[in-house]
Structures are given as C-alpha cells and as structure tokens.
Amino acid sequence: MTGDNIPAVDIAHLRGWIGREDVGTDILSEDLARKYHATFDLAGEAPRFGEVVPRLIHFCLAQPAVPTERLGSDGHPVRGGFLPPVPLPRRMWAGGNLTFHDDLRVGDEVRRISRIDDVEQKQGRTGALCFVTVRHQIEVNGRLAVEERQDLVYRDLDASGRADKPPPLAEQGAQQRPMKAETPLLFRYSALTFNGHRIHYDRRYTTEVEGYPGLVVHGPLQAALLCNYATELRSAPPTRFSFRGLSPLFDDDVFVLHAADDGDRLKLWTARKGGPVCMTAEAAWT
C-alpha cells in the first residue's frame, strides 16, 4: 500500500475538521496509579487516594473506546471521526508540548476536552506528509490542570523504519541511564493507554506490513521515561515539558536516557546505544 495505491491528500477537505471537539471523562483510580507505578519501576510505594501521581499519567485517562469492529487494519479507530480521514497509512505521535497548572491526584474526576487545532500538508524526503495538531485540556473539578499540544504526522509506508543514510551519533549527556525497551513494557503501556496500534505489539504486522525491523516503542512512552527521569534528577516534577520524536526506537534496542543542565531547564534525549537521537525533550520548573 504505497505510491500510486495511496489516494491523493485533499487538504481542503481535511481542514474541514479544524475546530472539531471531543470530550471524555474518567476517574484517576488507585488501580491505575498502582499499575502505572509498576510499569515504570518507579521508586517507593504507589500513590494512594489523595496523593499526587506522576506527570503524563493523563495519557492513560479518558481515552476513546470505540467498538473493536470499528478499528482499522492498523488497530487505530477507523478514520473520519474526531481525527480527519488522512489517507496516508502510517500515523505517528511526533511530539507534544505540555504545561502543568496543577497536580493530578488519585481519586480525581478528570475531564478531557480535545480540539483539532490545525491540519497541514507538507512534502518530505519520502513523499507527502500531513500534520494534525490537537489541543487537549485536562480539567479536575472545573479547574484547568494540564494544557497540551499534540502533534500527529501521517506518511506513506515508503518511509522505512531506518533511514538509508544513518543520522549522526547522539551526544552523551552529563547524566545517563541505560534502558531496554522489552516487549512486556510495550504491552503494559499499550494496555494502560488503551492503544490498539499494532506496531507496538504485533511483530508480524509491524515487519511485513509497515516495514519496520521490530516493534516500535511508543513516543509517549519515551516521553514518560524522560519526564520521570527529569523529576528524579531535580527532585520535583516539571511545570512545563515538551518532546519531539526524531528517529524510531525498537523493542530489541538497548538505549540510554540522557540529560544535561541548561540553566534552570533540563535538556533530555533518548538514543540507541551507539546510535542516533530517538527523542529530544525539555523540562522546565519556572
């Protein structure tokens, strides 16, 4: 499903989705906090009722739950509902920018308001690209707790999992933590976020259909690892956090969390061992 088999992108039609909204509600349960804590091997006891939970746990809350029969071949909901029906087959969470106005706590009743902010088409090295920007607001009892910009990118399957020309090797951070993205971690995170995207758990689909060499590590999973690392290094959760995916990371890759001070901020990135940067991030506390 590449090249001439892909319908042309009707950007004027897709931009008709700008302004469309979706609302979801959820309760931040003690059970979710316990499972999130275990998934990321966080130190100490999991948060109990009324206690503060880690940043980015809201990625697990108020997720759309469409019937299984309405999932597309890639495991995502069939396109054309809240998100525009972009005809390009490969969809990735390219990055995001978050501002935290208040902590989330176990027991909070959470309301998510999502809005399509922009739809753009660009031409990349591998062909047509379509960028969809989504704005999310997370509210608790009527107060704004989190503001988030989510960047999605759609592209053709011709864009292989590894570039023909290797990107430069990553720099080494002043602080480092070796990691391995093994399959159970990917499975647990997909379950927590109710994410049916098959590139994270279905190896046959991932390699034979989408052409990747292994299961793909979720972008928000990498972001959560970096945000947790920043919280640990500064002994406090950041008030602002942004991240951007640069190259894919796979389940058989040994990789490293890197961090380096940048004034009152912290620069962070993930990189395969002996490889390029996979994701960059920045955490701020002011």
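**View 1. Contacts and overall dimensions of the protein chain.** Among contacts (heavy atoms within 4.5 Å) in the protein chain with a separation of 6 or more, 72% are made by residues 24 or more positions apart. The model is a predicted one, in which local features need pLDDT of at least 70 and side-chain atom pairs count only at pLDDT 80 or more, whereas totals for chains, interfaces and linings use all residues. Residues are numbered from 1 along each chain as its sequence is written, and side-chain values use heavy atoms, with hydrogens and water left out. The protein chain has 5 helices and 10 strands, where helices (H or I, at least four residues) and strands (E, at least two) are DSSP runs numbered from the N terminus. Its radius of gyration is 19 Å, close to the 19 Å that the globule rule gives for 286 residues, so the chain is as compact as a globular protein of that length; the radius is taken over C-alpha atoms, and the rule is 2.2 Å times the number of residues to the power 0.38. The C-alpha trace spans about 55 × 45 × 35 Å along its principal axes. Of the 286 residues, 45% count as buried, a word that stands for under 20% relative accessible area, while exposed stands for over 50% and partly exposed for values in between (1.4 Å probe, protein chains only).

**View 2. Strand 10 and its two partners.** Because 6 of its 8 residues are buried, strand 10 is largely enclosed by the rest of the structure. Strand 9 (residues 265-272) and strand 10 (residues 277-284) pair in the antiparallel sense over 7 bridges, with leucine 266 opposite alanine 283 and threonine 270 opposite methionine 279. The hairpin of strand 9 and strand 10 has 4 residues between the strands, and in this hairpin glycine 274 takes a positive phi near 75°. Strand 7 is joined to strand 10 by 6 bridges, again antiparallel, and serine 242 stands opposite glutamate 282 in strand 10.

**View 3. Aromatic pairs.** The structure holds 6 aromatic pairs; rings of Phe, Tyr and Trp (its six-membered ring) pair if their centres lie within 6.5 Å, and planes under 30 degrees apart count as stacked, over 60 as edge-to-face and the rest as tilted. Tyrosine 36 and phenylalanine 40 form a tilted pair, at 4.8 Å centre to centre and with 45° between the planes, and both residues are buried. The rings of tryptophan 93 and phenylalanine 243 have their centres 6.4 Å apart and their planes at 50°, so this pair is tilted. Tryptophan 93 lies in strand 2 and phenylalanine 243 in strand 7, so the pair ties together parts that are 150 residues apart in sequence. Tryptophan 93 is partly exposed, with a relative accessible area of 24%, whereas phenylalanine 243 is buried, at 4%.

Methods: Pairing = 2+ DSSP bridges.
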